[in-house]
Amino acid sequence: MIVLGYNGFSRGAELFGRLYGATGVGRNLLVGHDAAAALVVDGELVAAVEEERLSRAKKTSDFPVHAIEWCLKSAGVGLDQVDVFAFPWRFSPTVAEEMITQICDSDLPVTAKFDALRSTGELYTDMLGRDAVYGDFVQRTGYEPDPNKLVLVPHHLAHLMCGAYLAGGGDAAFLVSDGRAETLSSVMGEVRDGVVRLFEESSVPMTSSLGVAYGRITRYLGFVPNNDEYKVMGLAAYGPPPRHNPLLEHVVRLHENGTYTISIPRDKDAYYALFDSLFDGDGEKREEFDFRVKVAGMAQHMVEAITAHQLRTLTAASSLDTLLFEGGLALNCVANTKMLERSSFTGMEVSFGASDPGVAIGAAVYTAGLRNRPATAATTPYLGPSYDEREILDALKEYADRVEWQEEPDAASVADRTAELLAGKNVVGWFQGRAEFGPRALGNRSILANPSFPDIKDIINLRVKHREPFRPFAPVVLESEAPRVFEMGKKTSSPYMTFVFPVRKEYRERIPGACHVDGTARVQTVDERQNPALAELLRAFTARTEVPCLLNTSFNVAGEPIVCSPRDALDCFLATEIDYLVIDRYVVTKKGS
């Protein structure tokens with residue numbers, strides 16, 4: 001059975017921009033962002049790629065025509081051979097009725113209700129409804145499948161199935177929390193023998209979305225909502241935990257069944273005024289670093305308090321030992337670690353596709369049947385395009401007036417030469433094998449450096465990534481070495497950068513470039529099976545320097561997607577102060593450098 005999962009709408013940006021003002025700073029506040037495609041063949045995930053990696057439009061919500069084409073081509077499959085097309089949104093007539101009822105029952109003035117109904121009707125007819133989704137597919141692909149082959153999967157279920165599949169398909173309790181699904185923002189329950197049981201009484205409506213609340217604080221602090229929340233998380237570490245939190249005192253109400261109510265106005269001017277009153281803020285203070293740190297700390301504390309409240313209900317209702325956490329909130333790696341360590345769960349999994357790129361995978365997995373996952377199926381984030389030697393050489397020759405390169409004879413020589421470069425204060429672009437999927441997996445499209453230099457973080461932030469100086473970088477370490485360097489707690493590995501761990505005291509001065517201001521690090525562990533090239537590089541680097549890890553960040557600059565092709569890598573290399581570029585077996589330098 002061949003299943004193609006995909007996420008994205010051709011008219012999403014246009015309709016949300018015109019109807020709801022999702023433009024400029026609010027450009028990502030729409031349905032279908034992080035468009036992607038994934039292919040499942042006989043129960044095994046064989047290919048997945050985000051549309052942005054190919055179209056080069058960051059966080060695009062467009063129909064993923066390039067991603068679909070690549071997934072099918074990589075597997076040698078035609079559209080006519082696909083058995084099911086799985087889409088991770090189910091705006092059924094029943095859901096539409098709920099949307100209408102919510103508008104009619106709201107406290108909006110009558111004229112505003114009519115406006116909201118008109119906008120919702122246009123959005124449903126032209127984009128969200130089944131006929132619109134099918135028509136979009138036909139128009140963009142040029143292929144007209146049997147309409148019964150299009151399966152609409154509820155959004156939260158797609159999130160859950162992505163996490164369940166990538167965790168190996170075993171029994172687990174689950175929590176899914178994000179900005180919005182069809183009408184809910186958070187659900188919890190269990191997966192047993194591949195069957196999902198939802199604890200419906202603990203579902204949280206979209207009107208109390210924790211993700212939306214965090215996004216509004218993100219915007220209040222001058223960042224882009226549904227994009228820059230990780231900056232707020234990073235800022236929170238610069239101050240102590242709040243002694244009292246006005247958000248929990250005046251905005252959030254916790255209920256006995258694990259639900260909660262969040263009362264923040266939808267209008268930007270109104271919630272700015274609310275936050276100014278709660279945080280003693282104004283236009284000038286919002287630009288101050290210390291004020292941003294204070295507010296970020298309260299936002300982070302709010303997330304941790306609410307998720308802890310949800311877990312208390314979940315642990316009381318489920319006897320299972322493992323927790324799956326998926327959805328946009330699962331990218332908050334600081335909260336993730338506290339959720340695990342402070343709960344009775346012995347294990348917790350957050351996938352590399354936890355946010356909306358992963359729903360393309362989840363929709364396909366759900367439709368293929370979680371229980372059909374082969375026992376031998378590999379769990380890997382390296383699901384995207386790779387490039388052969390001819391394609392790499394063609395790209396290098398295209399840039400021959402600006403770069404020169406040296407070919408290494410084999411993988412061991414590549415590791416030794418790269419380790420030699422990284423022993424000094426050099427920044428290296430690392431491009432190997434298949435591209436990673438999602439925002440929390442690196443290793444094949446990475447920027448690497450030696451974390452033993454105290455100023456390496458500033459060098460990369462300012463001269464390479466072009467981003468705020470307070471932003472930390474993460475270390476990548478051999479899984480076998482991780483417990484020696486980091487306090488791993490209940491975790492034995494962390495392959496997807498979805499948890500943070502304290503750096504052991506004896507290593508904080510040895511790896512200052514990969515240590516955040518609070519003494520923690522968002523660790524990515526690597527082993528020989530998962531990424532043999534990076535594991536070999538880590539061994540070579542450690543043998544040469546006695547430094548047990550590398551600084552590891554995504555191969556891109558601020559505002560750009562992570563590089564995918566050799567040409568993308570060369571463009572980024574030449575536009576920044578990256579010192580060396582290692583593509584497959586080729587070590588590339590800039591002419592005249």
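What follows is a short tour, from the whole chain down to single residues.

Keep in mind that this is a predicted model. The chain has 593 residues, and 59% of them count as buried.

**Overall size**

**Salt bridges**

- How many salt bridges does a search of the whole structure find? The search turns up 29 of them.
- Take Arg53 and Glu50, whose side chains meet in a salt bridge at 3.3 Å, N to O. Both Arg53 and Glu50 are buried.
- Now look at Glu468 and Lys231, which form a salt bridge with their closest N and O atoms 2.9 Å apart. This pair links distant parts of the chain, as the two residues are 237 residues apart. Glu468 is in the loop between α17 (456-465) and β17 (474-478), while Lys231 is in helix α9 (residues 229-236).
- Is Lys231 buried or exposed? Lys231 counts as buried because its relative accessibility is 11%, and under 20% is the cut-off for that label. Glu468 has 21% relative accessibility, so Glu468 counts as partly exposed.
- Lys268 and Asp269 also pair up, with their side chains meeting in a salt bridge at 3.7 Å, N to O. Lys268 is partly exposed, with a relative accessible area of 32%, whereas Asp269 is exposed at 56%.
- Some salt bridges share partners, and in this way Arg11, Glu14, Arg18, Glu122 and Asp126 are joined into one network.

**A charged patch on the surface**

- Which residues form a negative surface patch? They are Asp282, Glu284, Glu288 and Asp290.
- Glu284, one of the patch residues, is found in the loop between α11 (268-279) and α12 (289-317).
- Glu284 counts as exposed because its relative accessibility is 65%, and the label applies to values over 50%.

**Distances between residues along the chain**

- Phe199 lies in the loop between β8 (195-198) and β9 (204-205). With 3% relative accessibility, Phe199 counts as buried.
- Phe199 and Ser318 are 119 residues apart along the chain, yet their C-alpha atoms are separated by 9.9 Å.
- Gly169 has its place in the loop between α7 (155-166) and β6 (172-177). Gly169 is partly exposed, with a relative accessible area of 26%.
- The C-alpha atoms of Gly169 and Gly194 are separated by 7.0 Å, and the two residues are 25 residues apart along the chain.
- Pro240 sits in the loop between α9 and α10 (246-250). Pro240 is exposed, with a relative accessible area of 70%.
- How are Pro240 and Arg130 placed, and what is the separation of their C-alpha atoms? They are 110 residues apart along the chain, and their C-alpha atoms are separated by 49 Å.

**Backbone angles to check**

- Asp34 isn't a glycine, but it has a positive phi of about 60°. You'll find Asp34 in the loop between α1 (12-20) and β2 (36-41).
- With a relative accessibility of 11%, Asp34 counts as buried.
- Which value is phi of Met497 near? It is near 55°, a positive value in a residue other than glycine.
- Met497 lies in the loop between α18 (482-485) and β18 (500-502). At 2% relative accessibility, Met497 counts as buried.

Note on methods: Residues are numbered from 1 along each chain as its sequence is written. This is a predicted model: local features need pLDDT of at least 70, side-chain atom pairs count only at pLDDT 80 or more; totals for chains, interfaces and linings use all residues. Side-chain values use heavy atoms; hydrogens and water are left out. Patches are made of residues with over 30% relative accessible area and no salt bridge: like charges are joined within 9 Å, nonpolar side chains (Val, Leu, Ile, Met, Phe, Trp, Tyr) within 5 Å. Accessible areas come from the Shrake-Rupley method with a 1.4 Å probe; for residues, only the protein chains shown count as cover. A salt bridge is a side-chain nitrogen of Lys or Arg within 4 Å of a carboxyl oxygen of Asp or Glu. Lys and Arg count as positive and Asp and Glu as negative; His and the chain ends are not counted. The place of a charge is taken as NZ of Lys, CZ of Arg, CG of Asp or CD of Glu. Helices (H or I, at least four residues) and strands (E, at least two) are DSSP runs, numbered from the N terminus. Buried means under 20% relative accessible area, exposed over 50%, partly exposed in between (1.4 Å probe, protein chains only).
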